[in-house]
Amino acid sequence: MIPKSLTAASTKLIILGILREGNSYGYLIIKKVKELSGGKMNYSDGMLYPVLHHLEKEGFIKSEWVMEDEQRPRKYYALTTQGKNELIAEREHWVNVHSVLEAIWQLSPKK
Amino acid sequence: MFDLEKEIQQWLRSFHKHRAFDHGSVREMEQHLRDHIEDLIAKGNSADEAFKKATIEFGDIAPIANEEFTNLKRKKTLATVVHSATLPMNKFSFTIAMRNILRRPLFSFIKIAGLSVGVSGCVIVFLMTSLELSFDKFHPDGDKIHRVISTFSGVWEGSNPAVPLPLPDALRDRVHGVEAVSQMLTDNLNVEVPEGGSNKKFVKPNLTAYVDHHYFEVFQAYRWVIGTPKVLDAPNVVAITESKAKTYFGETDLSKVIGKRLIYRDSLEANVVGIIADQRERTDFNFTDFISLSTLKTARWKDNYNFEEWGDINSAWQCFIRLSNGTAVSSIDELLKAMSKESDAKSDVKGPPRTTFTLFKTQPLGDIHFNNKLGTWDDGRPVASLPMIEALAAIAALLLVIAVINFVNLETAQALRRAREVGLRKVMGGTRAGLLLHFISEGFLITSIAVLLSIPLSKLAITAFSEFLPSELTLSFSDVKFVLFLIGLLVIIPLLSGTYPALALSSFQPVDALRMKGTMSGSSSAFLRKTLTVVQFSFSQALIAAALIVSLQISWMINKDLGFTREAIVTMETPYWDKVSKRVAFRHELEQLSAVAAINQSSRPPTFHGSNTTTLHYYNDKKEDLPTSVHFNAGDTSYVSLFGLKLVAGRNVTPVDSLGEILVNEAYCAKLNIAPIDMIGKDVKRGSGKKYVVAGVLKDFHHASLHSVIQPWFFEYESNYFLFSLKLANTTNTPDAIDQIKKAWSKIYPDMPPNISFLDDTVRKFYEAERRVAVLANTATALAIFISCLGLFGLASFTAIQRTKEIGIRKVLGASVNGIMALLSREFLLLIGLSFLFAVPIAWYAGRQWLSGFAYSMPLSVWIFLMAGALSIVIALLTVGFQAIKAAIRNPVESLRYE
């Protein structure tokens, strides 16, 4: 199970990354996260919403209520241009972290 | 049995404990939970299990609320606020707003009609203000230009926009720190252009200035097309504007105009030596003919001007100065103060001791257009009427307030209907800010329509009220300031009218709103609506009373006995500059006419716009000098009989110049505290030293408008004065009489149009300003009542609809049509009755203030107010009654039918 702190730190990237695939609403987003993490990331579903609202406030994503016939109204989120840029930057950070970690595994233990 | 729906509602309720969630996010999470439960049930879970799993996976609400709360507290940027506000508004909000407007055509009409009238008022006030402020702004270094004027204190208080003739030269010799001093005489002259043997005449007089080159040093904006200012230093030359050159000579080649001759006022000849470009900017200095100042020394009427005399000040002789860089105007005022004392000393050489003291002062160029005490110059454009602008501004504001009140009232009254919309929007995730914006944008749309309509409406008003408004008033969209002003209105009015309803509507709890438990029908908004209606009708009733007061005072003044006869008397002024022998000939012509019963020649009729004043010195038994400022007239002996003046003591003057007999009025006797009978035979002395003896005392009559108290007055005998007063033999065939008089005139003065005026017209013209006020007050009242009644009509129709069922039940239970009508009208009548209590003191105070401008005014009786109240109640009854009847005669079957 991935620790909480790491989960929290990666949420932004994960949400932006999922939305890159196309517009989606809260329930589907969280479903996708669970799918992708194979249950290794422990979320409480509700915590997703403050993050979504925060990202929206920052201008990375935008939302729209969509009412399809005979269905529930759903709040769809979509990536903004600013959000796309943020995703690239965020990805860069994680790649950097990853390469540092890679380098660390290369170090041979001293006796 | 597990009730899923109940459990979900229970779960949702726990969100409401936290302020962090708005309706949108609660709704969002509700959908999440339902989706999840559905999925779980689809996978084979029972409803009970699915609910438990879904809520557990959703997690505790408290930490989520904490997170959301941190979100809320994060710094808001303008972009995020606007973003979140516009969030729930879809692209069609304009269409929705438009639909809302069209769905309630009556209410929208009421709002738009009121606002467009209010906005038109504002537009006109704006145009007037910006027009008046634009005068003479183009002069280079205009702040350095000042006019020198004279003020008087002592027995006679007053001012004159001019200075004594020798002052400009003396000032030029002594002053430092002044670039130029210009002396100017203004006049209004007709022109003849010699052409072959005959003269081409231009009867309409031109505003003419006698100046020298100094004038153009002060006012540097003039552009000389041909010639330089220096050419005006020679006598008998003139510089004219380009357009005048074309009018006079029909010549497009301006150089050919130079050297041509013009004849002013039948005898003054001048050669054209310069052409000046027409003044394109707005100016009071709209002189077209500049005759050289030195020409005056050769004019036939040159004896009228004494260039050495410090004692006379004629308003046509003006003086302008231009300060040098760094000169404070106070230093000039200091010098002028010293010169004032010297001036008084110089004119004191003869005559009794001085009772009035002169003080010369500077007046900034910018003040000339607004100073109605000093004015511009004789025959110049009237100064801007600040009280008129202020009155119009107040009226425009009032109309706008009444219209905004309509808006607020109708909007809050309809709140119940809109509650459902609010509820739905909130459930759909609409934030409060978004709703506010939505409602205000609807107000914006209505205001935009009103502003659009106000454009043709203002144009109409400008034509309809052309007699009050400056003729240059035009509406132009190329004026940036005007466009900005309209944009300003577009922002302010929706905020003013939309904010309260928007705040109130958006505060609805969606649950209540959707259940139609509209909180707006509650007491707080009804109270507000009632208060605003009372405000509206207080204004309207106060205006009705004010309009009544103005009209009644005018007719009271016009019909009041002024102490002299004014019926069937015409006056005509013969040219004062022309030969006296012509007047004698004219009198002889008039004496032949059957239509003329009596003739008098005087300086002016008993009442006249304007005044002549001088000082009379009376020495009492102790030889003490008692100077009194007096008005005076002069004329021949028929003055008393022709105007029906009454002698209370003594007799009429004897027609002998050398006797120096005068008539005084009772006011003069009262001033000296001497009984009229004791005044007979007393000696008095005029300021100039001339001695008189009092022959008779006249009963007081109103020698000026009823604005002023009857002043001490005297009449001296003098023959052959230029003003003719004619008593017509009968009033049955006035046109024929006028015809005869005109014929006689043209025999003697063939070149001049006769200017005949009726004395009762002259009296009526005293109250021209009041008549304008009356028109304005009546219009404002009509508009205010119209807009207020529109609002009332809207509210009444709303109440009638709201109470449809109640009325139906009442009718079924046996209520009569009259009873229903009374029920519906009662509340409005109570409100209007209440307004009356507020309106009376306002109208009484305003009426008193206005009437205090008159020395003589009608009594302000109670019935004026009662009539205003009654009138407004009748109008309101008619307005409400229509709706009440409609509701009352409706068949209860219809209103009670349950759809």
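**Close-up views of a sheet and a helix pair**

**View 1. Three strands of chain A line up as an open, antiparallel sheet in the order S1-S3-S2.** At the edges are strand S1 (24–25) and S2 of chain A, each pairing on one side only. Strands here are DSSP runs of E with at least two residues, helices are runs of H or I with at least four, and both are numbered from the N terminus. This is a predicted model, in which local features need pLDDT of at least 70, side-chain atom pairs count only at pLDDT 80 or more, and totals for chains, interfaces and linings use all residues. Residues are numbered from 1 along each chain as its sequence is written, while chains are lettered from A and ligands numbered from 1 in the order in which they are written.

**View 2. S2(A) and strand S3 (residues 73–79) of chain A pair in the antiparallel sense over seven bridges.** To count as paired, two strands need at least two DSSP bridges between them. Look for Ile61(A), which stands opposite Leu79(A) in S3(A).

**View 3. In chain B, helix H19 (residues 580–591) and helix H23 (residues 734–748) have axes that come within 9 Å and cross at roughly 150°.** The axes are lines fitted to C-alpha atoms over the stretch in contact, with angles from 0 to 180 degrees between N-to-C directions. H19(B) and H23(B) are therefore roughly antiparallel (angles over 145 degrees).

**View 4. Lys582(B), Ala585(B), Phe586(B), Glu589(B) and Leu590(B) of H19(B) meet Ala744(B), Lys747(B) and Ile748(B) of H23(B).** Contact here puts C-beta atoms, placed from the backbone, within 7 Å.

Note on methods:
Parallel < 35°, antiparallel > 145°, perpendicular 65-115°, else oblique. Contact = placed C-beta atoms within 7 Å.
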